[in-house]
Amino acid sequence: MAVSIAPGSDGASSSQTEPVAVPVVTRAVVHSRYGGDGSLRVGEHVIDRLEHDEVLVRVHATSVNPADWYGVEGFALARFGNGLRSPKDPRVGIDLAGRVVAVGDAVTRARVGDDVFGTGTGAWAELAVAREERLARKPAGVSFEDAAAMPVAAITALQAVRDHGRVESGARVLVNGASGGVGPFAVQLARWLGAEVTAVCSTANVETARSLGARQVVDYRQEDFCALGERYDVLIDVAGCRPFRSFRRVLTRNARVVLVGAPMTAAGLGPLPHLVATKLSGALRRRSVAFFVAKVNATDLDLLGRLLEEGTIRVVTGRRFEGLEEVPDALRHLGEGHAGGKIAVRL
Ligand SMILES: NC(=O)c1ccc[n+]([C@@H]2O[C@H](COP(=O)([O-])OP(=O)(O)OC[C@H]3O[C@@H](n4cnc5c(N)ncnc54)[C@H](OP(=O)(O)O)[C@@H]3O)[C@@H](O)[C@H]2O)c1
């Protein structure tokens, strides 16, 4: 259902705080073919309506995630959702933080003028549409960049350690891949739940991982955590770079393995073979292996916003980019696989 707020205003000319009437044209990063960051360009698209539960956000900051990378590359599963030969929907980008400039007629919590963060459709844009249930109020003390860095990565980390890892106080937790987007949140959230955390990352990120509260940090370029003789109750595998059999010597009797990701490749079936092989190997050995797809929701975003505002967690930012024009560079940087934290894009 289209909504109309403040008739006569439009996205291009209204100030940062004014309401916007839908339909509206927005500047945005778009793609009309698959094939990596070179297939992206800054163009325009029309937001012609808001559904009842949708909100229009003027985006102040966004980020890039592996899910964006897969969608832009044209990974097989992404093509099933968005067109086999070329993308039917040109919009790209998921994470956003910004100000609400219009609301659908069934929206109950968000109001025009609220600062929010969460996930939307076509977040690499000046204006983006988001469902209210995937947004939370941005705490006043949190920057738009930090807020935009959180939704996918921090929700994934939270659901990995709390819901799938069922991390409890005193648990011994290992986070493999502790230095990218998801990993630093996983380390901090496991600590918040009272765990004793071992972080695995490359040399350049060892000090940062330690500063997040990891009791032990393993530099995977120097040492193999599977050969250190330590055992863990929960193994959060963000990097997904090891076959399950190599975990044999590091798991306690009732350990849980939470598989978050796999090395990024869009060739063939992408990360799927690793995910399926790990699940099967775990099942054959009667081990608890969980793979999940994170569900972005307002309750978890609220919690993460509070934890960030009170300083219990912080955002580890890798490189910062500025403006829609730099989004392809940000995506290319992510695709290189060693971003050293969350990539922030300020609009
Ligand atoms: N299941 C879900 O719902 C969900 C949601 C979000 C993301 N994911 C997946 O989670 C994965 C990580 O996402 P992200 O945003 O954190 O990506 P990212 O920022 O690229 O982080 C990748 C991490 O892997 C580490 N790494 C690379 N090679 C390694 C190795 N040989 N040993 C140990 N660690 C290694 C990197 O460490 P260094 O930089 O120190 O080398 C970095 O910490 C991706 O596969 C993504 O698709 C899944």
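## Strands E12 and E13

Strand E12 (residues 251-259) runs parallel to E13, and four bridges join the two. Strands pair here if DSSP finds at least two bridges between them. Strands (E, at least two residues) and helices (H or I, at least four) are DSSP runs, numbered from the N terminus. Arg-256 has Ser-288 in E13 as its bridge partner.

Helix H7 (residues 272-284) packs on the sheet and touches E12 and E13. The direction of H7 makes about 155 degrees with that of E13. A contact means that the C-beta atoms of two residues, placed from the backbone, lie within 7 Å. Angles run from 0 to 180 degrees between N-to-C directions, with axes as lines fitted to C-alpha atoms, for helices over the stretch in contact.

## Basis of the model

This is a predicted model, in which local features need pLDDT of at least 70 and side-chain atom pairs count only at pLDDT 80 or more, while totals for chains, interfaces and linings use all residues. Residues are numbered from 1 along each chain as its sequence is written.

## The six-stranded sheet

The open sheet has six strands with parallel pairing, in the order E10-E9-E8-E11-E12-E13. Strand E10 (216-219) and strand E13 (288-291) are at the edges with a single partner strand each, so one side of each has no neighbour in the sheet. On average, neighbouring strands of this sheet are turned by 15 degrees against each other, direction ignored.

## Two domains

The domain assignment gives domain 1 (24-150 + 316-346) and domain 2 (152-291); such bounds come from an automatic or database assignment. The domain centres, taken over C-alpha atoms, are 27 Å apart. Domain 1 puts 22 residues into the contact and domain 2 puts in 16 residues. On the side of domain 1 that touches domain 2, helix H1 (residues 66-73) gives the most, with five residues.

## The ligand shell

The ligand is surrounded by 34 residues, the closest being Gly-180, Gly-181, Ser-202, Ala-239 and Gly-261. A residue is near a molecule if its C-beta atom, placed from the backbone, lies within 6 Å of it. Helix H4 (151-164), helix H5 (182-192) and strand E9 (196-201) are the elements that give two or more residues to this shell. H4 gives the largest share, three residues.

Domain 1 and domain 2 both give residues to the shell, so the ligand lies between them.
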